[in-house]
Amino acid sequence: MKSLADRPVSPVVGLEVAHESATLHVTGAALYTDDLPARNRSVLHAWPVQAPHTHARVVSLDGTPALRVPGVVRVLTAADVPGLNDSGTKGDEPLFPAEVMFHGQAVCWVLGETLESARLGAGAVQVGYEPLPSLLTLTEAIEAGSFQGHQPTVSRGDADAALGSAAHRFAGEIEFGGQEHFYLETQASLAYVDEGGQVFVQCSTQHPSETQEIVAQVLGLRSHEVTVQCLRMGGGFGGKEMQPHGFAAIAALGAVLTGRPVRLRLNRSQDITLTGKRHPFHARWEAGFDEDGRLQALKAVLTSDGGWSLDLSEPVLARALCHVDNAYWIPNVRIDGRIARTHKTSQTAFRGFGGPQGMLVIEDLLGRCAPRLGLDPAELRRRNFYRPGQATPYGQPVRHAERLHTIWRQLFERADVEHRREQIAAFNAAHPHTRRALAATPVKFGISFNLTAFNQAGALVHVYKDGSVLVNHGGTEMGQGLHTKMRQVAATALGVPLDVIRLAPTRTDKVPNTSATAASSGADLNGGAVKDACEQISARLAEVAARRLNIHPDDVRFANGTVTGIGFHDRDIAFADLVHDAYFQRVPLWAAGYYRTEGLHWDGARMQGEPFKYFSYGAAVSEVEVDGFSGAYRLLRTDIIHDVGDSLSPLIDRGQIEGGFVQGTGWLTLEDLRWDVSAGPHRGRLATQSASTYKLPSFSEMPEEFNVHLFEQATESGVVYGSKAVGEPPLMLAFSVREALRQAVAAFGPGGREVQLASPATPEAVFWAVQDVRANATASPADGAAARPETGSAPSRASTPGH
């Protein structure tokens, strides 16, 4: 393979092009998994029987009454499973459970001729339950010692000794909630068995290969007997990395047993109650600073709420521990992690994959400690930035640490921060019941899968005799623009116009053993594989062209659909003509590409190594306005500078930055998952089951002025065409909104005091924080500091119950 990062003359990467399916999206012509059943009249529909208990033993199950409902064809139970009754990879997720582990868990499924008949049949199934005690909150789980999985530790130096000698020592805790994925397209699968006995599953999944493995596992088949295809997804955000497997297995099992296609598509309330969310976390910390406000030590214990099974909780926790440092050098550190087991949905991957939870701990810490150190929060953050030559607590050198400082400086200049601070001060002086504030926060996010083996990808590229190109790769398209970038990579590598490149749907029989499209690595991994395949083909074509042009193959150049030689101005060959000649010379016009990320090593037991190919950097400044009477607020302006290396597709990248930021703002300020934690009959029921009860960010929560700038002169060596990942890192830029809210709340008081703010920082939470500031306004700063040395984030009034 040629240099991975170097770009040829006139590359197609770097151009602003529209999403490859944009026209299909806006016209409604784009096909999704649940658009396919309408093409088959014999399809059956699946409906779950959901348990009305949070924790219970299933003592009896009778599906006979359901079979008397007109249109019901079959009731699927554990007795029907020919293989392994498990939908996970850890052996702890029974597809048909004998013990209910969360409210609404599906104990069996009904297949009907229509969705209505399946629903009525599910209502007729008779299930007997023996209720059992349940643990719902992190507090309950911690007190009961209910933990699961590994308990890793990241450490460096001597945190205890450094805390003991620190000039300033603070302690605190924070507890924050999860987040519902709320993708537009809910979980959906369509399965049928072809004439050769092959099980074919159309699935909305980020990980087709793992869906294939789980379906085969449940059916007692081998992987080559199951094919999974993903056309596209209407959003994923991590919620379709592990969660689709069981639903696909149900559809496939039904198809095998009935001989008819089976469609399983969850409605919104089913999707929310059956699927996992972002992990809630609790953290307790101690931090030490020197006289200049530089971090000397950090000790912390992070506890995640894993729900009822492990799912991806262990790697999520590992990434959280690896991101507590965010952009800051901490010479002495010890961070312990553990996973609580509760009777809730099994929490799973979500954009950022534990990184946001880990980084929230340090950002909340700095925001609370800054006034007690007598420092501006932005200055405290700047003083603690990594510098060249320093390494993370787990031992990875922080390459290009100077970019943090450059981005920070450029951001303050572009956002005109100093002048706006003067304007904010004048506004606050004139408005006693309204306060404005701005805050800046940085991001340093590691790119690659924590599990080294996942950092590989494959591609299959076909060039047809007319010069058109079909690209298959292992990544899935969930609206993030991966296919658009892969078209641009292929067009650049082959030297052809973009319109001759077509992307095929992702299928396990075209590219096998693929990793999930996750960890922000889709373009890095699949782009490397696509480039490799295209360069194999172009190298063969260069041999053919060299003979026609009477030059060495190394001197052949491909660009804009023509093939010529170095320095040629009067002789070239059309790409299609060259392909035609190559065919008649029996030169292969297809290639399988492969890419593995170099330079990675991770010892998960010791939590040491270099798990990331590189770090993605960024920073944001956000300005808010808070109403002191209600806690309501407006996001007035956000400025972002983000490092995407040399962008493969700038329009796509800006969209990802904007979307990630807004989704992060939703998690931090709006989205509040609430379970019934009472001792009553509905204990454990998720109360926020729809858009009417679960607040999502919308246009009204967007910054009124939103400026996004891609960091310039940022080529990343060793990555496809010098680019950097963009899917997850921008989500953490939303910390700037939360910190701006904290500072606006502080402006209702005399200053110099720690302000605690619940997460999510809903208007209710902001109101109570304002009330606390006003109540403490007459106390001296020293009294305030002494009164609450180790307090947390006021969960009794502002957080999710029990969180």
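## Ground rules

This is a predicted model, where local features need pLDDT of at least 70, side-chain atom pairs count only at pLDDT 80 or more, and totals for chains, interfaces and linings use all residues. Residues are numbered from 1 along each chain as its sequence is written, and side-chain values use heavy atoms, with hydrogens and water left out.

## Three domains

The chain splits into domain 1 (22-30 + 456-596), domain 2 (36-133 + 181-274) and domain 3 (281-450 + 605-791). Those bounds come from an automatic or database domain assignment.

## Where domain 2 meets domain 3

Let's look at one pair. The C-alpha centres of domain 2 and domain 3 are 37 Å apart. Their contact (heavy atoms within 4.5 Å) involves 25 residues from domain 2 and 28 residues from domain 3.

The size of an interface is often given as the accessible area lost when the parts come together. Here, domain 2 and domain 3 bury about 2300 Å² between them, with 64% of that from carbon and sulfur atoms; buried area is the accessible area (1.4 Å probe) lost by two parts on being put together, summed over both. On the domain 2 side, Met101, Phe182 and Phe237 lose the most area to domain 3, together 24% of what that side buries.

## Charges across the interface

The interface of domain 2 and domain 3 has 1 salt bridge, meaning a side-chain nitrogen of Lys or Arg within 4 Å of a carboxyl oxygen of Asp or Glu. Elsewhere in the report's list of pairs, Lys90 forms a salt bridge with Glu314, and their closest N and O atoms are 3.0 Å apart.

## Cysteines

How many disulfides does a search of the whole structure find? The search turns up 0, a disulfide being a pair of cysteine sulfur atoms within 2.5 Å. Cys203 is in no disulfide, and the nearest cysteine sulfur, that of Cys230, is 7.2 Å away.

Cys203 is buried (under 20% relative accessible area; exposed is over 50%, partly exposed in between, 1.4 Å probe, protein chains only), with a relative accessible area of 0%. Cys322 also counts as buried, at 0% relative accessibility.
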